[in-house]
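I opened my notebook for a first look at this structure. Here is what I looked up, in the order I went.

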Amino acid sequence: MLQRIWAVMQKQFIQTLRDRRTLMVIIALPVLMLFLMGYAVEIQVDHIRTVVVDHSRDQRSWSFIEALENSGFFDVLYYVESQDEAIRAIDEGRARAAVVIPPDFLGAVERGEAQALVIIDGSDAMTVQSAYNAAITVAESYSVDLLTRKLERSQPGAHGAALQPLDVRVRVLYNPDMKAIIFMVPGIVAMILQNQATSLTAFSIVKEREAGTIEQLLVTPIRPLELMIGKLVPNVVVASINMLTILGLGVFWFKVPFSGSIWLFFWMALLFMVSSLGLGILVSTVSSTQAQAQQLVLMILIPSLVLSGYIFPREMMPKLVRFAGDLIPMTYFLQISRGIITRGVGLRLVWSQVVSLLIYAAVVFALSAGSFKQRLE
Amino acid sequence: MGGEMIVAEDLHKAFYSHRRRGRIEAVAGISLRVAKGETYGLIGPDGAGKSTMMRLLNGLYIPDKGRASVGSYDTVRQFREIHRISGYMAQRFALYGDLTVAENLRFFGRAYGLSAAECAERVPKLLRFAGLDRFPQRLAARLSGGMKKKLALASMLIHNPEVVFLDEPTLGVDPVSRREFWDLLSALRAERGLTIFVCTPYMDEAERCHTVGLIYEGRLIAQGTPHDIRALLPGQMVELRTNNLRAAEIIAGVEGVLEVQTYGRLLRVFVEDARRRIAALVGAIEASGIEVSGARVAEPGIEEAFVYLIRRQRQGEMRRP
C-alpha cells in the first residue's frame with residue numbers, strides 16, 4: 001500500500017515540477033496578492049480632497065477649517081462660493097467632501113448654536129466612514145476646546161480639563177496604527193490555503209479524467225484512497241510553501257507582528273489544508289473538465305471570502321447569513337489565524353473553532369473517499 | 001495450459017442516451033468463451049459495443065444482467081484479482097504525456113507492486129521489446145502515434161500479465177506501425193502463451209486472431225475462426241472491375257446471384273460454382289453497354305463476410321416489426 005502511495009506521489013511530484021509555468025503562477029500568485037494588499041489596500045481613508053464654502057470668513061470659521069485640516073483626514077483644495085458649486089465639485093470628482101459654514105459663524109459659536117455642514121461623496125463606502133468619523137471627532141474636540149476656554153475665561157483659576165464630565169480614550173489593541181496589512185495577512189493566508197489546496201487537488205484529479213489516464217489507473221491495484229493520498233501530499237507541500245512565503249513576507253517585509261506560537265499555527269493550517277483538499281476531491285467528483293472544476297472552486301471561494309469575515313465583519317451580518325458563514329471552514333480558520341498571528345492566543349482560546357474544523361475535515365474526507373469511485377460509472 | 005481464460009454469459013449493459021431520451025443497450029446479451037493462450041478478436045463498427053464489452057470484462061462497468069469472469073475471477077466481486085493478472089489498454093492514449101517513456105513504465109511497475117530492482121530489470125527489456133530503447137528520456141507526449149501505442153503495450157506488460165485486453169490498439173496508427181504492433185503481439189503469444197482479447201474495426205487484423213466475434217448493435221452476430229466466418233458467405237466470390245456503378249444493379253438482377261457488394265469500382269459477386277458462371281456474369285454487364293475491365297474468381301475475406309452478415313441482420317430487423 002505504501003509503495004503504491006509512494007508511486008503516485010513520485011509521479012505527481014515529477015508532473016508538478018515539470019510544469020514550470022503553472023508552478024510559477026502557483027507560487028507567484030500569493031506573493032502578488034500580498035503586495036497588492038500591502039500597498040494598495042488601506043481601510044482607513046485620509047487626505048480626503050475637500051472644498052470649502054465659507055460664508056462667514058471670520059476667525060472661528062478659519063480655525064475650525066484649520067482643525068479639520070490638521071486632523072490629516074481633510075485636504076482643503078480651494079474655496080468655492082456656494083453649496084451648489086461645492087456639490088458640483090463632488091459630482092465632477094474633483095473633491096470627495098465639502099465643508100459648508102453658514103454666515104456669522106463667530107456669533108453663532110458665542111451663542112452656542114453654531115452649525116457646520118459636511119457633505120461627503122457617498123459612492124465609496126470607505127471614504128464615507130472615514131470622513132464621517134473624522135468630521136464628528138474634529139467637531140467634538142473643537143467644541144470641547146472652545147467650551148473649556150470659555151469657562152476658563154469666565155472662571156479664572158478653574159482647570160479646564162477637569163470640567164469635562166467624561167473623557168473617552170480609545171486604545172486599539174494589537175494594531176495601534178490600524179494598518180491594513182496586519183489585518184489582511186492572516187486572511188490572505190487563509191484564502192490562499194483554501195483556494196490553492198482545493199483547486200490543485202480538483203485539477204490534478206480532473207486532469208486524469210480529461211486525459212483518460214484515470215481509466216488506466218483504475219485497472220492497476222492502486223486503490224482510490226491510495227490515489228487520493230498520493231495526490232494530496234504533493235499539494236500539501238506546495239500549499240505549505242505558499243503559506244510560509246506569505247508569512248515570511250508578512251513578518252519580515254511588512255513587519256506584521258507574529259504574536260502566537262508558529263507551531264500551533266502550522267498544525268492548525270495543516271488541519272485547514274486537509275479539509276480544503278477534501279473539498280477539492282469533492283469538486284473533482286462532480287466535474288468532468290478542468291474548466292468546470294475551475295468554476296466550482298470559484299463558486300466556493302466567493303462565499304468564503306464574503307461570509308467568513310475576511311472582508312466584512314460577521315457581527316454586522318443578519319442571523320441567517322451568519323449561519324451560512326458557520327458552514328464554511330474558512331470562518332473558523334480565520335478566527336484561529338487572527339487569534340494566533342495577531343492576538344497571540346493559545347489553543348485554549350480557539351479550541352471551539354479547532355473542533356469545528358476537525359469535524360468539518362472528517363466529514364469532507366469521508367464524503368470524498370466515498371464518492372471517489374473505483375469504477376467508471 | 002488448457003482451460004478457459006475469459007467467460008462471458010449473457011452480458012447486458014445499457015446507458016442513458018440524451019439524444020434518444022432513453023436507455024440504449026450498448027451490450028445486449030453477449031456470451032463468449034476465450035481459451036488460455038488464444039487470441040480473440042472482437043470486430044465491429046464504431047458504436048457496436050466493443051469498448052463497453054472491454055470495460056465490463058475489466059470490472060470497470062457492472063453489468064445490468066449476466067455474469068463474466070477472467071481467469072476464473074468474477075468481474076464484479078473480484079475485479080482486483082483480475083487487475084493483478086491482466087493488462088488493459090484503453091482506446092485513448094492513456095499514459096502520462098508529461099512523464100518520460102521510462103518514467104511511465106516505472107510508474108506502472110511500482111503501481112503493480114514491483115520492487116525497484118524488478119523495475120530496473122524489466123524496464124530496459126520492455127523498452128527493447130517495444131523498440132523504444134533509443135529514447136527512454138523522451139516525454140511520452142512527444143512520441144509518434146505508433147510509438148505511443150507500443151509504449152502503452154509495454155506498460156501493460158510490466159507485471160507479466162496472463163491476459164491482455166486491447167481496445168482498438170492500432171487506431172490512428174500508420175500501416176507499417178500497425179504491422180509492427182501485431183508482430184509484437186504474435187511474439188508475445190508465442191513466447192509466453194499470452195491470452196489476447198482485442199477489439200478492432202480493421203478486418204485485416206481479424207485474420208490474425210484465432211477466434212473472431214462479429215459484434216453489431218450490442219450483439220454477437222457471428223463467431224468462429226476466420227475460416228468459419230468466411231464460410232458463412234454463400235457460394236463463391238467473383239470479382240468484377242467496371243467503370244460504371246450501374247453494373248451493381250444489373251448484376252443483382254441476374255438469376256443465381258446470392259450477394260453483391262460494391263467496393264468503389266470493384267464488384268464482389270457471390271454465386272454458386274463461380275468458375276462456370278463467370279462468363280455469364282461478364283456477359284450480362286456487357287449486354288448493357290458497360291465495359292468490364294477485369295474478372296476473376298477470388299477468395300473472400302472477413303470483410304466481405306462481415307458486410308454480408310450485417311446486411312442480413314438489417315434485413316431481418318426490417319422484416320421483424
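**Entry 1: chain B on its own.** I began with the secondary structure of chain B and found 11 helices and 14 strands. I kept in mind that this is a predicted model. Next I looked up the extent of the C-alpha trace of chain B, which spans about 75 × 45 × 45 Å along its principal axes. Then I checked burial: of the 321 residues in chain B, 43% are buried. I also looked at how far apart in sequence the contacting residues are. Among contacts in chain B with a separation of 6 or more, 68% join residues 24 or more positions apart.

**Entry 2: where chain B touches chain A.** How many residues of each chain are in contact with the other? I noted 23 residues from chain B and 20 from chain A. On the chain B side, the elements giving two or more residues are α2 (79-85) and α3 (101-111) of chain B.

**Entry 3: a helix pair in chain A.** I moved over to chain A and picked helix α2 (residues 20-40) and helix α9 (residues 224-253). Their axes come within 10 Å and cross at roughly 25 degrees. Angles under 35 degrees count as roughly parallel, so α2(A) is roughly parallel to α9(A). I looked up the hand too: the crossing of α2(A) and α9(A) is right-handed.

Which residues make the contact? From α2(A) I listed A:I26, A:I27, A:P30, A:V31 and A:L34. From α9(A) I listed A:V238, A:I241, A:N242, A:T245, A:I246, A:L249 and A:G250. By class, this contact of α2(A) with α9(A) has 9 nonpolar and 3 polar residues, with no charged ones.

**Entry 4: helix α6 of chain A.** My last stop was helix α6 (residues 125-154) of chain A, which has 30 residues. I checked the reach of α6(A) from first C-alpha to last: 44 Å, close to the 44 Å expected at 1.5 Å a residue. Which residues of α6(A) are buried? I wrote down A:S130, A:A131, A:A134, A:A135, A:V138 and A:Y142. I then looked for what covers these buried residues of α6(A), and the cover includes the helix α3 (59-70) of chain A. Also included are the strands β1 (48-54), β2 (74-80), β3 (97-101) and β4 (117-120) of chain A.

Conventions. Residues numbered from 1 in each chain as written. Chains lettered and ligands numbered in written order. Predicted model: local features only at pLDDT ≥ 70, side-chain atom pairs only at ≥ 80, totals over all residues. Contact = placed C-beta atoms within 7 Å. Helix = DSSP H or I, 4+ residues; strand = E, 2+ residues; numbered from the N terminus. Buried ≥ 20, exposed ≤ 12 C-beta atoms within 10 Å, placed from the backbone. Axes fitted to C-alpha atoms, helices over the stretch in contact; angles between N-to-C directions. Parallel < 35°, antiparallel > 145°, perpendicular 65-115°, else oblique. Left-handed = near helix turned anticlockwise from the far one by under 90°. Nonpolar A, V, L, I, M, F, W, Y, C, P; charged D, E, K, R; others polar. Expected span 1.5 Å × (residues − 1).
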